[in-house]
Amino acid sequence: MSQNLLEIAQRVAGWAGDGFDVEAFVAHERETEVRAYGGEVESLTAASAQGIGVRVVQQGRQGFAYAATLDDDTVRETFEEALDNSRFGSVDEFAGVAEPDGLEPEPLDLYRSELAEFPTEDKVALALELERVTLGADPRVTGVESAEYADTVYESAVATSRGVAATARETGCYLAAYSLATEHDDTQTGFGFSVGRHPGDLSVETAGTDAATRATRLLGASKGSTRRLTVVLDPYVTARLLGIVGATLSGEAVLKGRSLFADRMHEAVGASSLTLVDDATDPDAFTASAIDAEGLATRRIPLITDGVLQSFLYDTYTARRAGVSSTGSAVRGGFKGTPGVGAHALSLTPGTRSQDEIVAGIDDGLLVQGVTGLHSGVNAVSGDFSVGAEGLSIRGGETAEPIREVTIASTIQRLLLDVVEVGSDLEWLPMSAAGVTLAIADVTMSGT
Amino acid sequence: MLEAEVVNRTLSAAMRTGADFAEVFAEDRRSSSAILDDGRVEEVVSGRDRGAGIRVVVGETTGFAHTADLSEAGLAAAAGAAAAAARQTGGARRVVEVSSLEVPRPLAVRVPPEDVPKSTKVALLTAADAAARSAGPAITQVSARYGDGRRRILVADSDGLFTSDDQVRTLFSVSCVASGDTGMQTGRESAGRTAGFELFDLYDVEEMARRAARRALTKLTARPAPSGEMPVVVGPGGGGVLFHEACGHGLEADLVAKSASAFAGRVGERVAAEMVTLVDDGTMAGEWGHYGIDDEGKPAARNVLISDGVLTDYMWDRLRARKEGRASSGNGRRQSYQHLPMVRMTNTYIENGDADPDDIVADTPHGVYVAQLGGGQVNTATGDFVFGMTEAYLIENGEITAPVREGNLIGNGPEVLTRIDALGNDFAMGSPGTCGKDGQGVPVGDGTPTLRVTALTVGGTAA
């Protein structure tokens, strides 16, 4: 299959002509999703989808078109449309498609044939079992809003008229449960999941009991009082925060005057305990990939080392414009989009102590289990950071009463500098960042 | 898009091994967009997306498959996959015949975007860029986006429904960065309608750009937002997001049925201040959440959800309505043929009150005035929700004073509805939004007059 996709991509890239370059990105995805509810299968989706995105760069002008079918006529029309669109772009001397840079992609093995061979009945059984385990984990769990098994087999190819020809294939699957817990008229919710490359990696027990624990431990939660305190972010929350930090380190944001850290290279932007790396070649990362969205090899990029800013992320265009080399950081949201710059797989270097040990050293704090409104209250340009939060209060070194309906606020700049400690509990999550416990001082909790 | 006979045979194939319900949803979507950033027209994009989703319901189980292959063979394969997915256990064969070719009134589009030259679309971007930059040297970056989409859908099902719709939407947005001694700030403005290029008869892109620039410049002098509970006045149009999150999602029948809503079992009860009447209305011509039929073939409708503070009904899609033995309210929507439909909002709004908006502010000794909101999120089971403020000011001694920086506000839906104590007479629709639920995004509109909530928690850092 990957070879077929590459043939299509190379055929289209071969249509490049006098004075214009072509990039073709072709993807095919097969997915299954099973949702259980009330002891029955609520829905089962079995589907495959494919498509092509064609980028034409003509004398510095860029055009793009996509189509969700791969028949010959449509592919040709898509190319013609991209070519036509390129007439209307502005001239940009740095625009262009990727060229081979001599770096060989790591031989990552991200494909598991066990997934493709896993029978549908067994997928259904996993979803039903997940609902049972979640419901049975605690008598206060009164419902399971959703219990889901999902998997995907993804293959892609990218080729350019400058000689790039690359393929990737991977499998992935996850279990996700969302539970409802009730006690004395109070309802709380919690999620749990388990991810892997094939169903053998998954743990129904982990997903189900995490969902139950997260909901039940919030029962009876009340609003905290407004004050400054130390927050301890659960690994999942840290991973979401890292996603925002990654966006501020994009070479595109730097070049276009939208990065907080544009003028801070080789300066201390974080606490000395903070070392941040983007490494898609780590096979344990859920978003691991040997190639980036332009077909160049991914690599390990130290972004912040001991608090000092070391590098930004670049794709082909931004690297040319900045006069540096691509860091293999092109990303795209499928075949419908042009490549942009982004982090693939961020992680903090873990510390030495567990979450419990970190909590034990905090007098007044909040263990943050979940955050909301990252899209509405965080501005990666200004640095303003304000999100809804829920979790457990920390008093005298121990977790105490549950807290809900509060916000935690600071700025992205301050959060990095105010990091007190990174936990030892690094885990890869179904997103482009790893989770780890993270303690940050001097954050405003707003409540009553 | 598809012949009735092909649809008949596809539905019959879907029902072959026994099913309670089968449906074919076909979609042909063409879109175009252009993006300007950093002074350059970076890309002009065209897209074509076409396919069908087939749903088969057996008992409590829905089987679903989709295909980009609209040939009869492709549809038959998808129908077989959906039927197999529904895990049917035998049953009577049923031959389906769709007949009633009921075509709703086509949505009025005066200037189809596909007839507008690409160069004209691109010219809007450069005009917006120039206008924003003319606001002063502190405007250091501008990006602008034009987008249009035409979505033709066909829905046919085993109850004999066979209907179609042709939906055209056009959108324009502009974002600015202003830089000063205090760092960088952003400002954004957007306009979108279920309409064609005539959108720009109503909206002047240069004026939009100047507004976005002014928003960014104003925030350069903004102080940190306050923290703690206080009265919050939301300007006209802006409050729609608040209701969308505070109660809109909680009134979706699929969440209610799973007891995942703080409003479950409360129909007929007083849930909001008496002055509050909340409506979801997919028939509002031209509004961003408008359509002829929903994605299950049901005509859009005007549904009163809360009347004078009393909860009157939830929003329904076909599956949930069928279980309750009632009709869908026309709220069954899906992002594309690759997705299953679920209950979604359309244009959700609060009807006008009778207060003068100036009096509402003058009556507020201290608090926060939110002029523009920036999206939100809700946990429907607990009712806790957040929404962002992208343009906000302090209210001091009954007057709007200093601008404050961005942040979220947090509240609890059922509590906040009872804490509304003033509604203005200046109703306006807000900005076009994309509502996300379960990984699917659909266009929605919202609106409100100026309103006041007696206490909401403002998520800033200042004391």
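The questions below concern a predicted model.

Biologist: How many helices and strands does chain A have?
Modeller: The count covers the secondary structure of chain A. It comes to ten helices and 20 strands.

Biologist: What is the radius of gyration of chain A, and what does the globule rule give?
Modeller: Chain A has 448 residues, and the globule rule gives 22 Å for that number. The value for chain A is close to that, so the chain is as compact as a globular protein of that length. The radius of gyration is 24 Å, against 22 Å from the rule.

Biologist: Is Asp442(A) buried or exposed, or partly exposed?
Modeller: Asp442(A) is found in strand β20 (residues 438-446) of chain A. A buried residue needs 20 or more neighbours, and an exposed one has 12 or fewer. Asp442(A) has 15 C-beta neighbours inside 10 Å, so it counts as partly exposed.

Biologist: What is the phi of Asp38(B)?
Modeller: Asp38(B) is found in the loop between β1 (21-37) and β2 (40-58) of chain B. Most residues other than glycine have a negative phi. Asp38(B) is not a glycine, yet its phi is positive, near 60°.

Terms used: Residues are numbered from 1 along each chain as its sequence is written. Chains are lettered from A and ligands numbered from 1 in the order in which they are written. This is a predicted model: local features need pLDDT of at least 70, side-chain atom pairs count only at pLDDT 80 or more; totals for chains, interfaces and linings use all residues. Helices (H or I, at least four residues) and strands (E, at least two) are DSSP runs, numbered from the N terminus. The radius of gyration is taken over C-alpha atoms; the globule rule is 2.2 Å times the number of residues to the power 0.38.
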